[in-house]
Amino acid sequence: MRSPVETAEKFLPEERAVEALRRAAAGCTACPLHETGTQTVFGEGPETAVVMMVGEQPGDSEDLSGRPFVGPAGRLLDQALVQAGIDRSRVYVTNAVKHFKWEARGKRRLHSKPNAREIEACLPWLKAEIEAVSPKVIVCLGATAAQALLGKDFRVTRQRGSFVQSAYAPYVTATVHPSSILRSRGDREAEIARLVEDLRKVADLLD
Ligand code: URA
Ligand code: SF4
């Protein structure tokens with residue numbers, strides 16, 4: 001048996017509006033990633049958002065700026081949202097894990113995948129964001145977000161684009177992470193088209 005995971009639960013404030021959560025999360029030290037990341041990168045977007053996009057963790061640019069999805073992956077996501085016909089002003093973006101985990105490779109900081117304990121430690125923040133925003137649709141971007149919200153048996157490659165029964169929101173789905181498309185050596189245009197196709201199913205649910 002593994003020892004119980006210390007989670008962010010005890011850092012949650014009494015007030016649960018997004019701004020109060022953001023302030024509290026800035027001081028979270030529930031897992032070792034607060035030491036590697038520059039700052040907590042909390043979610044961003046209107047509290048009235050109908051769609052919540054959940055990524056993995058902040059990347060290099062997000063770590064430095066303190067804002068989610070502002071780097072290359074964010075630009076690809078924005079482009080895909082436009083193509084799918086989803087108004088960005090109706091979208092809240094966040095991550096399963098809120099500190100950047102990286103390894104030094106020369107002078108570069110290379111993304112390193114958060115492990116199950118880190119995902120579990122950070123989950124109270126994501127759950128509190130979901131409660132505060134109460135989106136109609138949640139889109140997990142990639143396996144880490146899917147693991148956090150849909151369990152470890154969810155397979156993005158097989159189940160992408162399908163909607164699953166979940167207590168988190170009326171509609172919950174998963175697709176690939178835009179970073180995986182940027183890293184891919186395959187047909188990038190085709191992969192972007194598939195991402196857009198998955199997001200069109202989300203657009204169909206919005207009025
Ligand atoms: N990748 C993510 O998962 N989240 C970000 O905010 C940026 C890149
Ligand atoms: Fe807290 Fe999440 Fe940062 Fe870990 S990654 S210290 S749980 S905010």
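On a 1 Å grid over the protein atoms alone, a cavity is a set of points where a 1.4 Å probe fits but cannot get out, whereas a pocket is an open set with protein on both sides within 12 Å along at least five of seven lines. A molecule sits in either one if more than half of its atoms lie within 2 Å of its grid points.

This is a predicted model, in which local features need pLDDT of at least 70 and side-chain atom pairs count only at pLDDT 80 or more. Residues are numbered from 1 along each chain as its sequence is written, and side-chain values use heavy atoms, with hydrogens and water left out.

**Ligand 2.** The largest cavity is the space taken by ligand 2. The residues around ligand 2 (a heavy atom within 4 Å) include C28, C31, H34, H99 and C122. By class, this shell holds 7 nonpolar, 2 polar and 1 charged residues. Helix α5 (residues 116-133), a DSSP run of H or I of at least four residues, gives the most to the shell around ligand 2, with 3 residues.

**Ligand 1.** The largest pocket holds ligand 1. Among the residues surrounding ligand 1 are G55, P58, F69 and N95; the shell comprises 4 nonpolar, 5 polar and 2 charged residues.

| Residue atom | Ligand 1 atom | Distance |
|---|---|---|
| E56, backbone N or O | oxygen | 2.8 Å |
| Q57, backbone N or O | nitrogen | 3.0 Å |
| H177, polar side-chain atom | oxygen | 2.5 Å |

Taken alone, ligand 1 exposes 230 Å² (Shrake-Rupley method, 1.4 Å probe), and the protein buries 95% of that.

How values were computed
Chains lettered and ligands numbered in written order. 1 Å grid on protein atoms, 1.4 Å probe; cavity = no way out; pocket = protein on both sides within 12 Å on 5 of 7 lines; lining within 4 Å. Helix = DSSP H or I, 4+ residues; strand = E, 2+ residues; numbered from the N terminus. Nonpolar A, V, L, I, M, F, W, Y, C, P; charged D, E, K, R; others polar. Polar contact = N/O pair within 3.5 Å; in protein donor to acceptor, adjacent residues only side chain to side chain.
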